[in-house]
Amino acid sequence: GEASSVITCLDGYAMARQGRAGPALGIAAFGSFIGGTVALVGVAFLAPALAELGLRFGPPEYAALLLFGLTALVYLAHGPMDKALLMALFGSLLASVGLDPVSGQPRFTFDILVLRDGVGLTPVVIGLFGVSEVLVNLQAHTGEVFQKKIKGLLPTLQDWKDSAMPITRGTVLGFLVGAIPGLNVVIATFAAYAVEKKISKHPEKFGRGAIEGVAAPETANNAASCSGWIPLLSLGLPTGSVTSLIFGALMIHGLAPGPLFIKNSPDIFWGLLGSMAIGNAMLLILNLPLIGLWIRVLQVPYYFLFPLIILFSIIGAYTAAGNTGHVVIVIIFGVVGYLMKKFAYEPAPMVLGLVIGPLLETAIRRSLIMSKGHVAIFFQRPIAAFFMGAALLMLLSPLLTRRRLGHEIIEKLEEP
């Protein structure tokens, strides 16, 4: 549906194929409500303190944090790390298509007008996860989306037990990521998923229908959406399209978002929080009764369903920017996604590379401008040095592990 739901597709769709679409939708709704509600309480009480923390993040800290996030997903990928790293680099390369963020010169556009705005995230995601799945199912002659009986409409007690800590961690992580100016909701969902897979006792379940892989990112999604208001209301910094729109609306009415906004306009501040609380409650009220309706879609024969999937994919890509070029991008990446599935390449690192790429490039170039070209700036500032060290450790850990295993094998062979 949107970029922030990409990571949820990995386990949510797998659960649907196992007949557990109801629990997947239910835990997504409950997790979103819990994450959004707790984040609203955090916005009310912690906005000034977290805004001050966000001010400590300059270009070097952003660059190190983004590089750490990209490396973490590569490190935690299902398949071989080299394939995941290749996909992340490919996504970063796609992110460089368009106008140079510093000089404004076109890059890798080949004089194609639609590429001047870059390779859009929405058509790429629709192609990779929508069209490619249709192609795979058509080749497999699948008559329906799943082959198993629907087991239940709501999460069971075991589902709640498995999801309790992922929801808690997703809330905290999403809240912190959303409060940092410059980061977006997509990064929070990927980070939450990566953390759950890393600390899980059974990481092999992820991508194959683990309810934790739905609960954590969906909770982080809403938590980050709510805490994303902290930079706007406390610092006057809009961090996305919605907050930019509200920023403009406040300015039109003579209200200046910033450090004094809460003090000078408490009625507007608490009114905004109240409206978001109502929105969270409505999300739950609207979603839960409709779960039974949505899972019935899975029982539609696939030869009826796949033309509708293609149609809605094309409509979604076109209406996102009103550009027919995006329809072509959807088709191209539908084929690319199909080939990636056939050759066991994960799409998630590529999508995150596409999301992070522009932010990472801008942060690195600003950092190098600040330091007059000296790379040492990423290791001279404590926060940046911490994230850079963690990223390097994850990249080098497979080499260290292989070397240790090699020594153990040699020692066993040398034993009499």
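Helix α4 (residues 81–95) comprises 15 residues, helices being DSSP runs of H or I of at least four residues and strands runs of E of at least two, both numbered from the N terminus. The structure is a predicted model, in which local features need pLDDT of at least 70 and side-chain atom pairs count only at pLDDT 80 or more, while totals for chains, interfaces and linings use all residues. Residues are numbered from 1 along each chain as its sequence is written, and side-chain values use heavy atoms, with hydrogens and water left out.

The buried residues of α4 are Met 81, Ala 84, Met 87, Ala 88, Gly 91, Leu 94 and Ala 95 (buried, under 20% relative accessible area; exposed, over 50%; partly exposed, in between; 1.4 Å probe, protein chains only). These residues cover an arc of only 145 degrees around the axis and therefore lie on the same side of α4, the arc being that of the directions from the helix axis to the C-beta atoms. An α-helix has 3.6 residues a turn, so residues three or four places apart point the same way. The face of α4 turned away from the buried side carries the exposed residues Asp 82 and Leu 89.

Salt bridges were assigned where a side-chain nitrogen of Lys or Arg lies within 4 Å of a carboxyl oxygen of Asp or Glu. By this criterion, the count is nine. In one of them, Arg 365 pairs with Asp 100, with the closest N and O atoms 2.9 Å apart. Because Arg 365 lies in helix α15 (residues 348–370) and Asp 100 in the loop between β1 (98–99) and β2 (106–107), this pair ties together parts that are 265 residues apart in sequence. Asp 100 is buried at 10% relative accessibility, whereas Arg 365 is partly exposed at 25%.

Arg 365 also forms a salt bridge with Glu 361, at an N to O distance of 3.0 Å. The two residues are four apart in helix α15, a separation of about one helical turn, and Glu 361 is buried at 18% relative accessibility. Through shared partners, salt bridges join Asp 100, Arg 107, Glu 361 and Arg 365 into one network.

A further salt bridge links Lys 205 to Glu 212, with the closest N and O atoms 3.7 Å apart. Lys 205 is partly exposed at 34% relative accessibility, while Glu 212 is buried at 11%.

Technical notes:
The expected span of a helix is 1.5 Å times one less than its number of residues.
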